[in-house]
Structures are given as C-alpha cells and as structure tokens.
Amino acid sequence: MISPSELTKATKKEAHRLGFQLVGVTTPDPPAHLDVYVQWLDASHHAGMGWMAAERNRQRRADPLQILPECETVLVLGVRYPPPSVPPDFRGETGVVASYAWGDDYHDVLPERLRALVSFIETQAGRPVPNRCYTDTGPILERELAQRAGLGWIGKNTNLINPNIGSYFFLAEILLGIKLEVDAPFAADRCGTCTRCIDACPTNCILPNRTIDSNGCISYLTIELKASIPAELRPKIGDHIFGCDICQQVCPWNQRFARPDAGRLFRPRLEEDNPTLRHDLALSPQEFNRKFAGSPIKRTKRRGYLRNVAVALGNTGSASDIPALARALHDDEPLIRAHAAWALGQIDGDESANALTTAARTEVDEIVLTEIQSALTECYDRR
Ligand code: SF4
C-alpha cells in the first residue's frame, strides 16, 4: 500500500502536471478565524449575497467534517491567470473587465482537472476515496485553508498572496477521505506597513480587519448585485464593467511577480470579444449569449452587463455616445433604461435632455421615471 508521504509526493506532481502551480495540504480542523467571518456577516458586509449567511452554510463553514464526515485531508490548489496587462490596451472606448474574466470561466475549466486529480489519487490508493471538490463554490473558508496549507498569507486587500507569484490565481479545494502529509502553515504577514490597496480603493471598502464591505466593492456592484447600483457609487465605478483589479494592481507583490505569460489555462479569449461600450450597449439577448458563452461575464446576465456599460458610459462617455444611450432608454429591461437615463444626465449636450424628455412621455416604470427626472435636473443644472 502506498504511504501518505509517497501519495502526497505523487499527488503534488500530478497536480502540477494538470496545470496547478500551487499545491498544499492541510487538515480539516475548524477554521481559527470563523469569528471574523461571523462578525462580517452580522455587520451585513456580505451585502445581497444572502447564500453566505444561510444557517446551513454557516455550520458547514465552521467545520469541514460537516461537509464530508470521512474527510482526513484538505488539498488546496492554486492556478494562475494572466494579470490585467493582458491584453495591454483595452481602455478608452472600451470598459475594464477584471483580469480573471478575460479567459474561460474557471467554473467550467477547473472541475474536470479536480476530478482527474481525484481519479489519480484513487488509482494510487487502490480504492475509492470519498471526496468533495470546490472551485469557489463551497461553504468553506478557502483562503484560511490555503494559508494553513502554506500557499501564502491573506493580504490587507483580502486576497491570498503567494510570495513567489502574487495574487492573480484561482483557489480550488478537494476534501479527501485519505491521509496525506500536511504542509506547514504560511506564518508570515508580508504586508508589513504597506497600505497601498486600502489607499487606492475608489470606494474605501477595504476594512482594517482584512475584510471587505461588499456593499461598496466594485466587484460586488458590477457582478453580484442584481438590482440598481446606488447612485452615489456610480461615479466611483469609473469604466469598470465587470469586476475590479485595483487592489491587486497596486500590490507590490503583483507588480513584482505577476507575469503576462502566466496562466496557460486562462488565456484571454479572442480579441473581437473585447468590450466596446457603445457597441455592447446595443447587444440583443441573443448576441449577449453568443458573445459571452463560456465566459464568467455571463454571470451578470444581459441586464446586469448593460447596466454596467451604461454606468461606464456615464462616467467616461462623450456627446458621441448619446445616440447609443438614447436607444437604451427604450430597452425592454427597466434596469437598463434607468441606468441609461442616469448616464445621459452625466453627459453634456442638448441631445441628452431631448432624449430624456422624449422617453419620459412614454415611460411607465416609476423607478425609471424617477431616474429620468433626476437626469433631466442634472442636464438643466449644467445650463
Ligand atoms: Fe498587503 Fe500592500 Fe498588497 Fe495591500 S497592497 S495586500 S497592504 S502588500
């Protein structure tokens, strides 16, 4: 029978072969920082992500054995994706998409590799091994498990940072009903006196205890939030249309170690997929589905994505964007109409006010009408 030491060595080698750059092993012991997580929930810093606070998930996060009673070992894996410099020039008339979303959806790419690793372990062990695989999908505190498995430390920006590759990587975990050799935790905090991420965050949502108030996080607002983006936060979103990398971009560990050629599994998709704000605001449901099939961006659905595009145009657009926004004022989706109205209120020009006035005559949705009135006020105040 293979020893835990031999099995660990063989498993790590196979994980590297499957494309994971980081591999560590820890125990299924209850997380030491569960109290921080519970306080975060109690303060409603998870915003509208209600599934995080569900009682069943709270219990499972408190103890991995609640998920897999036979669990003896947790394998934690990291897989790199290219940093935002790839492709290098997609700002200007196009919006900013977080770098993790430039490639294929990791929810589609990683599970088959995790299953392949489990098969490998079962073959080596000569028996079925109870297991549970997660790719950002399970009720476990994955960054703490990763720190315990020696993969890095949890930075002030709340990302797991590895001292050799920075923080542009996905985490995945496999709970295993078999013993492996456990790695030493990553004990050091290499943030030191640096506060660059906290200083750079446009919405000041990074809290002193290494958590984030999701209510203000641009990633939350542009990906997870399904409803209207609070008006006071819209200007701070800038040209971000899906996620945000600012707290990673300013981190010295990424500036030093992030490599454009890293992450072969998540190469950016075809260049014609780059978002152009004006163009994307006119995407039909069919065009949206076609364009973002297999991309993480499909998570927002068309209504969320076009909402974000409208906000980005409001923040960065010019008079030449007014016709596209005026058309969006007549979209079937009220959420898109409301944000197009706001955007028109941000762009100077008589055409903005004319488009808003015309739309107000036929608009029946109360929320959209309120947005149109506010936008018209903005237009008139500028005169
Ligand atoms: Fe830590 Fe500085 Fe990186 Fe923030 S920017 S995570 S404080 S090293």
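**Close-up views of a predicted model**

**View 1. The shell around the ligand.** Lys156, Asn157, Ile161, Cys191, Cys194, Arg196, Cys197, Cys251, Pro252 and Trp253 surround the ligand, each with a heavy atom within 4 Å of it. Two elements give two or more residues to this shell: helix H6 (196-200) and helix H10 (252-257). Sorted by class, the shell has seven nonpolar, one polar and two charged residues. Here Ala, Val, Leu, Ile, Met, Phe, Trp, Tyr, Cys and Pro count as nonpolar, Asp, Glu, Lys and Arg as charged, and the others, Gly among them, as polar. Helices (H or I, at least four residues) and strands (E, at least two) are DSSP runs, numbered from the N terminus.

A quick note on the model: it's predicted, so local features need pLDDT of at least 70 and side-chain atom pairs count only at pLDDT 80 or more, while totals for chains, interfaces and linings use all residues. Residues are numbered from 1 along each chain as its sequence is written, and side-chain values use heavy atoms, with hydrogens and water left out.

**View 2. Thr158 in its loop.** Thr158 sits in the loop between strand S5 (153-154) and strand S6 (160-161). With a relative accessible area of 10%, Thr158 is buried (under 20%; exposed is over 50% and partly exposed in between, using a 1.4 Å probe and protein chains only). Skip its neighbours within four places in sequence, and Thr158 is in contact with Arg143, Arg210, Thr211 and Ile212 (contact means heavy atoms within 4.5 Å).

**View 3. Helix H16 against helix H17.** H16 (residues 350-362) and H17 (residues 366-382) pack at about 150°, their axes 10 Å apart. That makes H16 roughly antiparallel to H17 (over 145 degrees; under 35 is roughly parallel, 65 to 115 roughly perpendicular and the rest oblique). Axes are lines fitted to C-alpha atoms, for helices over the stretch in contact, and angles run from 0 to 180 degrees between N-to-C directions. Ser352, Ala353, Leu356, Thr357, Ala359 and Ala360 of H16 meet Leu369, Ile372, Ala375, Leu376, Cys379 and Tyr380 of H17. This contact splits into ten nonpolar, two polar and no charged residues.

**View 4. Helix H2 against helix H3.** The axes of H2 (residues 34-42) and H3 (residues 55-62) come within 10 Å and cross at roughly 160°, so H2 and H3 are roughly antiparallel to each other. Leu34, Tyr37, Val38, Leu41 and Asp42 of H2 make the contact with Arg58, Arg61 and Ala62 of H3. By class, that's five nonpolar, no polar and three charged residues.
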